[in-house]
Amino acid sequence: MTVMTAERVLSLLDLLSAADLDIWVDGGWGVDALVGRQTREHSDLDLGVARPHLDEVIAVLATAGYAVTDARYIEVTVQLTHTKEGHRVDLHPSTPLPYGGTEQLDFDGNAHYLPPPAVGHIAGRQVRCMPLITQFHTHQGYDLRPKDHHDLELLHSLADQLT
């Protein structure tokens with residue numbers, strides 16, 4: 001498994017931030033950001049992206065050696081793979097809403113509201129990430145893998161601390 005390290009994540013976030021692109025950390029790294037520490041190895045980086053910035057995000061990631069390897073479901077996800085090292089970035093586009101947050105489509109074409117990003121931490125640095133409630137929602141509707149069960153346990157623990 002090719003590993004997506006915290007250093008690589010922060011480097012990519014810096015690159016995208018320098019281009020003033022609206023992105024936030026999602027998926028496993030998003031869970032770890034909410035928890036405030038890395039809890040497992042990650043093979044990819046999931047990023048939420050405002051749909052109007054999707055093409056720009058892809059272009060910026062291309063400058064870092066990433067190429068689109070799967071855009072069959074471009075309304076839901078676009079997968080990029082580093083051409084030499086093999087690690088992946090999965091982009092999840094959503095449409096900004098005038099009252100805040102975004103609307104994201106699932107594979108069945110259903111729209112779901114995503115609240116504005118929350119604050120998390122990766123390697124001690126503050127990052128924007130998918131909020132807790134949305135992380136719970138994205139862990140539904142498919143057969144959970146061991147890493148998904150791990151992430152859900154962390155999310156439940158975090159939710160218990162907040163109540």
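Which residues does Asp70 touch, not counting residues up to four places away in sequence? They are Thr77, Val78 and Gln79, where contact means heavy atoms within 4.5 Å.

Before I continue, a word on conventions. This is a predicted model, in which local features need pLDDT of at least 70 and side-chain atom pairs count only at pLDDT 80 or more, while totals for chains, interfaces and linings use all residues. Residues are numbered from 1 along each chain as its sequence is written, and side-chain values use heavy atoms, with hydrogens and water left out.

Asp70 belongs to strand β3, residues 66–70; strands are DSSP runs of E, at least two residues, and helices runs of H or I, at least four, numbered from the N terminus. With a relative accessible area of 16%, Asp70 is buried, that is, under 20% with a 1.4 Å probe and protein chains only. Its side chain makes a polar contact of 2.7 Å with that of Arg72. Such a contact is a pair of N or O atoms within 3.5 Å; within protein, one must be able to donate a hydrogen and the other to accept it, and residues adjacent in sequence count only if both atoms are side-chain atoms.

I turn to His82, in strand β4, residues 78–82. His82 is buried at 12%, and its side chain reaches the backbone nitrogen of Glu85 at 3.0 Å. Beyond four places in sequence, His82 is in contact with Ala64, Gly65, Tyr66 and His87.

Finally, Leu61: leaving aside neighbours within four places in sequence, its contacts are Leu12, Leu16, Tyr66, Leu80, Val89 and Leu91.

Definitions and conventions. Buried means under 20% relative accessible area, exposed over 50%, partly exposed in between (1.4 Å probe, protein chains only).
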